[in-house]
Amino acid sequence: MSLVLALGGNALGRGTAAEQLTTLRGTCAAIAPLVREGQVVVTHGNGPQVGNELLRQERAADEVPPLPLYLAVAQTQAEIGAMLETELAAASSRQVVCLLTHVHVDPDDAAFKNPSKPIGPFYSAEEAHNLERERSWQLVEDAGRGFRRVVPSPDPLEIVELDGIRALVSSGAVTIACGGGGIPVVSRDGRLKGVDAVIDKDRASALLARRLGAARLVILTEVPAVYRRFRKSSQEEIRELSPDEAEALLPELAEGSMRPKIEAALDFARTGGETLITSFDALGEALEGRAGTLISKT
């Protein structure tokens, strides 16, 4: 197994379906050189799309019952996968298959007692109070812009459809899996049960890369590399990191941004894989070693 390629939520943008498709066409053209040959699995974020879906449900709540969060994750996984499948097939001239993917989490994960992942639209203080009372949601003030619902973000443990992913990869198809981190599920009485949570996409991608025995994980995000002292006058672009250096860097990284990417890269590096973190625009230079950040044991 050669490569797991993790696309950030910005791969589609935030506009209409037509606008997202146009953005995705450019994304697929950028990554086509990576997927034209070899065994490749593509994962993707879904943050903007889940936010849009939750907003639609809120606006229609008086007429149509809202879906649980795990089904909103499933909907957007399929929505993005459908567009990505057709556009990537055209860009790479390969068969591309999207597999709806569930991911096991621990029902006793500490994240369920401490929801921290903001999702969906912003609410006023009064709206937030009513939602907490009526729906038992937890809401927090977010950067002075209003209140947002926060949900658990538990660690991914196992990928339910792993054997199916292996079979698709072995058949020669570029496989899209673990969209949005996967649909979070727990096992109860011999059945899978969806839970309202959001799994970090990069952590799920690193787990998938480890389970598949991939040689490389490529995480595409909005910045061309990892930085020390990010957005300060003394910021420094980092070209390479050992696992020890990456771990030492963690305290200064943003929890909701670069930190989970480095944590995912650390997990993968400790099993012998290497991770490249870069942007879509800098991908070509990063593949030549002139941009991006490489995290590996060597």
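How many aromatic pairs does the rule give? The count comes to one aromatic pair, where rings of Phe, Tyr and Trp (its six-membered ring) pair if their centres lie within 6.5 Å, with planes under 30 degrees apart counted as stacked, over 60 as edge-to-face and the rest as tilted. A pair of aromatic rings is described by the distance of the centres and the angle of the planes.

This is a predicted model, in which local features need pLDDT of at least 70, side-chain atom pairs count only at pLDDT 80 or more, and totals for chains, interfaces and linings use all residues. Residues are numbered from 1 along each chain as its sequence is written, and side-chain values use heavy atoms, with hydrogens and water left out.

**Salt bridges**

The model has 17 salt bridges, each defined as a side-chain nitrogen of Lys or Arg within 4 Å of a carboxyl oxygen of Asp or Glu.

| arginine 211 | glutamate 158 | 2.8 Å |

Helices (H or I, at least four residues) and strands (E, at least two) are DSSP runs, numbered from the N terminus.

Glutamate 158 is partly exposed at 34% relative accessibility, and arginine 211 is partly exposed at 30%; the class lies between buried (under 20% relative accessible area) and exposed (over 50%), with a 1.4 Å probe and protein chains only. Arginine 228, at 25%, is partly exposed, as is glutamate 236 at 35%. Arginine 239 has 32% relative accessibility and glutamate 237 has 33%. Lys201, Asp202 and Lys261 are linked in a network of salt bridges.

**Charges over rings**

A charge sits over a ring if NZ of Lys or CZ of Arg is within 6 Å of the ring centre and within 35 degrees of the ring normal. Arginine 148 lies over the face of phenylalanine 122, 5.0 Å from the ring centre. Arginine 149 has its charged end over the ring of tryptophan 137, at 4.3 Å from the centre.

**Strand pairing**

Strands pair if DSSP finds at least two bridges between them. Strand β10 (residues 183–188) runs parallel to strand β4 (residues 102–104), joined by three bridges; histidine 102 has isoleucine 183 in β10 as its bridge partner. With strand β11 (residues 191–194), β10 pairs in the antiparallel sense over four bridges, and arginine 188 stands opposite arginine 191 in β11. The hairpin of β10 and β11 has two residues between the strands, and aspartate 189 takes a positive phi near 55° there.
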